[in-house]
Amino acid sequence: PDDPDAPPPIGPRTKAAQAAAQAHAAEARRDVAKTCGLPPNAANVPLQLGVGTPGGCEVLVHMLRALVEAHPQCGVAGNDFRNGFNETTRASIFKGLYESPFASLIPAVSLWYRESSTLVLDRDVGQLKYKGVDVCSDEGARQGCGFGSFLFCVSFHRCLTLAQRQHPDCVFLAYCDDTYVFHPTLSLIHI
């Protein structure tokens, strides 16, 4: 297809099944919002619980359990991105900031993330070198950076939002790079 955001073509029977799944997913999103103490429509977007949610990991587990109990016919798929913080691009971090309510942080984040940084192995060894040359980091959120989790989450939220748009019959939940997709009937999920 010409539009990469367009959903794949589906037949009439699949449309009816998809409509039913979307109705179940809407109910599940209301359940998620209720569990989090949020307004009913708050979970119409993917929820990133890695930043700004005290006990976010525990909240995510509680929500998944509540969803599975309320919708026993559901399917849940999980993914923990290998090296996710380092694999995200700095360009996607800045784009995520620009498109978010946190755009005012761009100048501050630029101070630490616009330039490459030399990696430090530990305090005793100092800067990491390979054949006498400093090893630098040009991408990703830095390990140990106070902004690291936040920047990864802002960057990754763009992907989650696109996935939510392409799969409105699913509920997307994430704790940083640990991501879960809830679907009311696993047999209908297309990933």
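Predicted model: local features only at pLDDT ≥ 70, side-chain atom pairs only at ≥ 80, totals over all residues.
Trainee: Before we start, what are the ground rules?
Mentor: Residues are numbered from 1 along each chain as its sequence is written, and side-chain values use heavy atoms, with hydrogens and water left out. Local features need pLDDT of at least 70, side-chain atom pairs count only at pLDDT 80 or more, and totals for chains, interfaces and linings use all residues.

Trainee: Why do the buried residues of H5 line one face of the helix?
Mentor: Helices are DSSP runs of H or I with at least four residues, strands are E runs of at least two, and both are numbered from the N terminus. In H5 (residues 106-113), Ile 106, Val 109, Ser 110 and Tyr 113 are buried, meaning under 20% relative accessible area with a 1.4 Å probe, protein chains only; exposed is over 50%, and partly exposed lies in between. Going by directions from the helix axis to the C-beta atoms, these buried residues line one face because they fall within an arc of 110°.

Trainee: Which residues are exposed on the other side of H5?
Mentor: The buried residues have cover that includes helix H4 (90-98) and helix H6 (148-166). Across from them, the exposed ones are Pro 107 and Leu 111.

Trainee: Which residue takes a positive phi in the hairpin of E9 and E10?
Mentor: E9 (residues 171-175) runs antiparallel to E10 (residues 178-183), joined by 5 bridges; strands pair if DSSP finds at least two. The hairpin has 2 residues between the strands, and the positive phi, near 55°, belongs to Cys 176.

Trainee: What stands opposite Leu 47 in E9?
Mentor: Strand E1 (residues 47-48) pairs with E9 in the parallel sense over 2 bridges. Opposite Leu 47 is Leu 173.

Terms used:
Contact = heavy atoms within 4.5 Å.
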